[in-house]
Amino acid sequence: MKETILAKYGEIILKGGNRPRFEKMLIDNIKRALKNVAKCRVAIRQATILVDDFEEDKIDIIVERMSKIFGITSITKAALCEKELPVIFETAKEYLKDDLSRPARFKVEAKRSDKSFPLNSTELAIKLGGDLDDAFPDIVCDVHNPEITVKCEIREAGAYIYILENRTEGQGGMPIGSGSKATLLLSGGIDSPVAGHMIAKRGVTIDAVNFFSFPYTSDRAKEKVIDLAKILARYTSRMNLYIVPFTEIQLEIRDKCPEEYMTLIMRRFMMRISEKIAVENGSKALITGESVGQVASQTLSALDVTNAVIDMPVLQPLIGMDKLEVINRSVEIGAYDTSILPYEDCCTVFTPRHPKVNPKRKDVERFESVLDIEALETAAIEGIECIEVYPD
């Protein structure tokens, strides 16, 4: 007996003739995620990912890393043994003893992919279920409402035995790289990391842009954004983070534009600069974390004014979510504790006391016209710092 890993995937199965291409992307992503974790073999057989030939003490970290890979729906540790009934029973008895040595309702489900095996799926389930029932006096067979579901899969490489309820849930979605590339406007808050995760789940490769206003925002605020990018990189393998110096632009806006329009004009600069970075690096869209009505700059009128300055599509996956939903997602992806650290970003240090809620494009364009937009953007782009971010 040796311990191995079975992983399942979802949407890829529906891809018809293109399915092999998506499967290859998924396998490549798994190998990349595990490259510095463990030496192992990764393969797909009969719509199941098989991971084996790894050191025994690496299994938990392999499962943890795989649980962050988009495209995988579940990961299960399993015992692999020879396809002989006595061996299957002895392996199941040893491997499952901790779960079956307590009072519980159970059933056995079997799947025979290797048709040369002498028993069909139903016969194998009945035989193994009876043997386990005799071996463990505290368990009771209940095929309709089990607490424990013992699975036995007869495959080409051998018999795989595991407990269904012990599986680890995966991220689902599509493999990174299958959905082109987009650029995330990454602040130090709760919303934008969640937005990035949601779009990456659809197979989109992510770059990120952050606007940094030294000395009004501290180096610790910058480190916080880098840490958030590292959290997202757990799901995407890596990303490029572009740190844009934004102080001069904000000071010019503060000195020359009406206070109530400061946030809107600032956001328009962010969108134009982000679009230039995105185009330069092959992105097809921008990603932002707005939710309608959450703050003054996120009314429909304000969003219209902000998005009007670019031609690139803007993906806003949080647009209909409330704050509690976003917080719950932030907790799920592991970003929340970092997002709430008290280090201000550039959006919070120049906040107007009474921001304009229902702006008109022509008014914003008129107030913005006193600025040398091209020169300010060029200076900011020339000062960009690019950081290659990898998961911790």
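Modeller: Let me begin with a definition, since we will be sorting residues by class: Ala, Val, Leu, Ile, Met, Phe, Trp, Tyr, Cys and Pro count as nonpolar, Asp, Glu, Lys and Arg as charged, and the others, Gly among them, as polar. Please keep in mind as well that this is a predicted model.

Colleague: OK, how does the lining of the second largest pocket split by class?

Modeller: That lining has eleven nonpolar, five polar and nine charged residues, around a space of about 490 Å³. The pocket is lined by 25 residues, and those closest to its centre are R32, A33, A233, S237 and P391.

Colleague: Switching to cavities, how many of 30 Å³ or more does the search find?

Modeller: The search, which covers the whole structure, finds three, and the largest cavity has a volume of about 60 Å³. Its lining consists of G188, N210, F211, F212, T217, A221, K222, K224, V225, Y343, E344 and D345, with strand 11 and helix 7 as the elements that give two or more residues.

Colleague: On backbone geometry, what kind of peptide bond joins F214 and P215?

Modeller: A cis one, with omega at about 5 degrees, and P215 lies in the loop between strand 11 and helix 7. As background, most peptide bonds are trans, and most residues other than glycine have a negative phi.

Colleague: What about phi at A47, positive or negative?

Modeller: A47 is not a glycine, yet has a positive phi of about 65 degrees; this residue sits in the loop between strand 2 (41-45) and strand 3 (48-52).

Colleague: Now packing: at what angle do helix 8 and helix 15 meet?

Modeller: Helix 8 (residues 247-256) and helix 15 (residues 373-382) pack at an angle of about 155 degrees, with their axes 9 Å apart. Angles over 145 degrees count as roughly antiparallel, so helix 8 is roughly antiparallel to helix 15.

Colleague: Which residues make that contact?

Modeller: Helix 8 contributes E248, I249 and E252, while L376, A379 and A380 come from helix 15, so that by class the contact has four nonpolar, no polar and two charged residues.

Colleague: Last topic, how many aromatic pairs does the structure hold?

Modeller: There are four, one of them formed by Y261 and F367, a tilted pair at 4.7 Å centre to centre with 50 degrees between the planes. Y261 is in the loop between helix 8 and helix 9 (262-280) and F367 is in helix 14 (residues 361-368), which puts the two 106 residues apart, and the pair thus links distant parts of the chain.

Technical notes. Residues are numbered from 1 along each chain as its sequence is written. This is a predicted model: local features need pLDDT of at least 70, side-chain atom pairs count only at pLDDT 80 or more; totals for chains, interfaces and linings use all residues. Side-chain values use heavy atoms; hydrogens and water are left out. On a 1 Å grid over the protein atoms alone, a cavity is a set of points where a 1.4 Å probe fits but cannot get out, and a pocket is an open set with protein on both sides within 12 Å along at least five of seven lines; lining residues have an atom within 4 Å of a point. Grid points are joined across faces, edges and corners, and a volume is the space filled by probe spheres set on the points. Axes are lines fitted to C-alpha atoms, for helices over the stretch in contact, and angles run from 0 to 180 degrees between N-to-C directions. Helices (H or I, at least four residues) and strands (E, at least two) are DSSP runs, numbered from the N terminus. Angles under 35 degrees count as roughly parallel, over 145 as roughly antiparallel, 65 to 115 as roughly perpendicular and the rest as oblique. Contact means heavy atoms within 4.5 Å. Rings of Phe, Tyr and Trp (its six-membered ring) pair if their centres lie within 6.5 Å; planes under 30 degrees apart count as stacked, over 60 as edge-to-face and the rest as tilted.
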